[in-house]
Amino acid sequence: MADARPPLVAELVWAGELRFDASSGAATTIVDGDGKFGASPTQHAAIGLAGCMAADVVDILRKGRHPLTALRATFTGARAEQPPRRFTHIELRFEIQGAVPPEAVERAIALSREKYCSVLHSFRQDIPVSISFEIKP
């Protein structure tokens, strides 16, 4: 049996106001509760989800040897008006460039959504998530 993966560790160090220097492995970023000097925690969550699914879709399409030339993922999240201002609905839109068959994109999105995207599976399961795509030559 393979060894279990070590836990993901992230460290935040307060840098003043609501700003933190964040690191995980070799990656560093700023987390800013005000969103002035870096992405806010909620923005990081949105970027994390869009990035997880986008990476899955690119990986699956490339493994299928589809001629993908570009991909843009856009996250739009509606949030509750009162605290906790959690996401109440999420829309992800993928713009794909290249002669990629729509069925291949649908399959890649389905695999990411159902099996691979650990970030999506870390969100509350009662949040509606709609996903659409457009293929441009």
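This short talk goes through a pocket, a sheet and a few single residues in the structure shown above. Please keep in mind throughout that this is a predicted model.

Let me begin with the pocket. The largest pocket has a volume of about 310 Å³, and among the residues that line this pocket are Leu8, Glu11, Ser23, Thr28, Val31 and His44. If we sort the lining by class, we find six nonpolar residues, five polar ones and one charged one. Which strands contribute to this lining? At least two residues each come from β1 (11-16), β2 (19-24) and β3 (27-32), and β3 gives the most, with four residues.

That brings me to the sheet. Three strands make up an open sheet in the order β1-β2-β3, and the pairing is antiparallel. The edge strands here are β1 and β3, each of which pairs on one side only, and from one strand to the next the twist averages 25°. If you follow the pairing of β2 with β3, you will count six bridges, again in the antiparallel sense, and in the structure you can look for Phe20, which stands opposite Val31 in β3.

As for the peptide bonds, the one from Pro83 to Pro84 is cis, with omega near -5°, and Pro84 is found in the loop between β4 (68-79) and β5 (87-98).

Let me finish with Tyr116, which lies in helix α2 (residues 102-116). Is Tyr116 buried, exposed or partly exposed? Its relative accessible area is 43%, and therefore Tyr116 is partly exposed, since that term covers values between 20% and 50%. Leaving aside neighbours within four places in sequence, Tyr116 is in contact with Asp56, Ile60 and Leu111. Tyr116 and Gly33, by C-alpha to C-alpha distance, are 29 Å apart in space, and they are 83 residues apart in sequence.

Technical notes:
Residues are numbered from 1 along each chain as its sequence is written. This is a predicted model: local features need pLDDT of at least 70, side-chain atom pairs count only at pLDDT 80 or more; totals for chains, interfaces and linings use all residues. Side-chain values use heavy atoms; hydrogens and water are left out. On a 1 Å grid over the protein atoms alone, a cavity is a set of points where a 1.4 Å probe fits but cannot get out, and a pocket is an open set with protein on both sides within 12 Å along at least five of seven lines; lining residues have an atom within 4 Å of a point. Grid points are joined across faces, edges and corners, and a volume is the space filled by probe spheres set on the points. Ala, Val, Leu, Ile, Met, Phe, Trp, Tyr, Cys and Pro count as nonpolar, Asp, Glu, Lys and Arg as charged, and the others, Gly among them, as polar. Two strands pair if DSSP finds at least two bridges between them. Axes are lines fitted to C-alpha atoms, for helices over the stretch in contact, and angles run from 0 to 180 degrees between N-to-C directions. Buried means under 20% relative accessible area, exposed over 50%, partly exposed in between (1.4 Å probe, protein chains only). Contact means heavy atoms within 4.5 Å.
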